[in-house]
Every structure is written in structure tokens, then in C-alpha cells.
Amino acid sequence: MYLPNTRYLDEFEKAEQQAKKSGVGIWILEDYATDRGFDSYAYPVKEKIETTVSDEPKEVFQNCTELRKKYPNGVKKGHPAYSIKMDGDRDGFACE
């Protein structure tokens, strides 16, 4: 019987948290990584998945006051109205 190899677990978990916070890799795809694995129904393979992160919004608002008129709870990274300029604490959620 072999014991679980957890030698690098802390390093992997730290890297995972950093990637989540920065919104890189699979973490640019909202709700793709789940507790049960990857949600391939949300992002089917036949679709081209954009792997570059753009901080430029596709739906532009002058400030959080204007954004909250349409999205009262703010928006997550990956949303067309997300702008890093409106994500003051850089947690991947603008105007929360």
C-alpha cells in the first residue's frame, strides 16, 4: 500500500489560489472549475475558448455608480462589463 503523495500539495494549493485571484488559466472561465471537476457543458470543446485575459470591458461604464444602475451587485471577471479599473481590491469582482 502506498501513502498519498502530498509532498507538494501546499505549493499546488498556493499556486491555485494565486491563479484564481489573478483570473488566469482555467480561472478566466467563470464557473468552469467545480468541486466535481470541470463543467464541460458550460464551455463545450467545439467552441473556441479565448485564453487571453483582457481587462478592457465590452460594455463600458464611466464608474461604479453607473455600472450599479444596470448591475446592482457588481460584476465578476469575465463579464462583458468587468473592468480591472473598477476592481479596486483586485479580487476579480468589480463594483461589489
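Visitor: Quick one to start: are Phe-61 and Tyr-71 buried or exposed?

Guide: Both Phe-61 and Tyr-71 are buried. Buried here means under 20% relative accessible area, exposed means over 50%, and partly exposed is in between (1.4 Å probe, protein chains only). Bear in mind that this is a predicted model: local features need pLDDT of at least 70 and side-chain atom pairs count only at pLDDT 80 or more, while totals for chains, interfaces and linings use all residues. Residues are numbered from 1 along each chain as its sequence is written, and side-chain values use heavy atoms, with hydrogens and water left out.

Visitor: OK. How many aromatic pairs are there?

Guide: The count is one aromatic pair. The ring centres of Phe-61 and Tyr-71 are 6.2 Å apart and the planes sit at 85 degrees, so this pair is edge-to-face. Phe-61 is in the loop between E2 and H2 and Tyr-71 is in the loop between H2 and strand E3 (75-76), so the pair links distant parts of the chain, ten residues apart. The rule is that rings of Phe, Tyr and Trp (its six-membered ring) pair if their centres lie within 6.5 Å; planes under 30 degrees apart count as stacked, over 60 as edge-to-face and the rest as tilted.

Visitor: What else does the side chain of Tyr-71 meet in a polar contact?

Guide: That would be the side chain of Glu-59, at 3.0 Å. A polar contact is a pair of N or O atoms within 3.5 Å; within protein, one must be able to donate a hydrogen and the other to accept it, and residues adjacent in sequence count only if both atoms are side-chain atoms.

Visitor: Where does Glu-59 lie?

Guide: In the loop between strand E2 (37-38) and helix H2 (64-70). Helices (H or I, at least four residues) and strands (E, at least two) are DSSP runs, numbered from the N terminus. Glu-59 counts as buried, at 18% relative accessibility.

Visitor: And which residues does Glu-59 touch?

Guide: Leaving out residues up to four places away in sequence, Glu-59 touches Lys-70, Tyr-71, His-79, Pro-80 and Ala-81. Contact means heavy atoms within 4.5 Å.

Visitor: Which residue forms a salt bridge with Glu-59?

Guide: Lys-70 does, with the closest N and O atoms 2.7 Å apart. Lys-70 is in helix H2 and Glu-59 in the loop between E2 and H2, so their pairing ties together parts eleven residues apart in sequence. For the cut-off, a salt bridge is a side-chain nitrogen of Lys or Arg within 4 Å of a carboxyl oxygen of Asp or Glu.

Visitor: How many salt bridges does the structure hold?

Guide: Two. Glu-66 and Lys-69 also meet in one, at 3.2 Å, N to O. Both residues are in helix H2, three residues apart, which is about one turn of the helix. Glu-66 is partly exposed at 32% relative accessibility, whereas Lys-69 is exposed at 60%.

Visitor: Zooming out, what pattern does the chain follow?

Guide: Along the sequence it reads α-β-β-α-β-β, with two helices and four strands. Of the 96 residues, 22% count as buried. The chain exposes about 8,000 Å², and carbon and sulfur atoms supply 52% of that. Those areas come from the Shrake-Rupley method with a 1.4 Å probe; for residues, only the protein chains shown count as cover.

Visitor: How far apart are the end C-alpha atoms of H1?

Guide: They are 20 Å apart, which agrees with the 20 Å that the 14 residues of helix H1 (residues 9-22) should span. The expected span is 1.5 Å times one less than the number of residues. Gly-23 follows H1 and has a positive phi, near 70 degrees.

Visitor: Which residue other than glycine has a positive phi near 55 degrees?

Guide: Arg-90, in the loop between E3 and strand E4 (93-94). Arg-90 is partly exposed, with a relative accessible area of 42%. Cys-95 is not a glycine either, and has a positive phi of about 60 degrees. Cys-95 lies in the segment after E4 and is buried, at 3%. Most residues other than glycine have a negative phi.

Visitor: Last one: Val-75, buried or exposed?

Guide: Buried, with a relative accessible area of 3%. Val-75 lies in strand E3, and its contacts include Leu-67, Tyr-82 and Phe-93.
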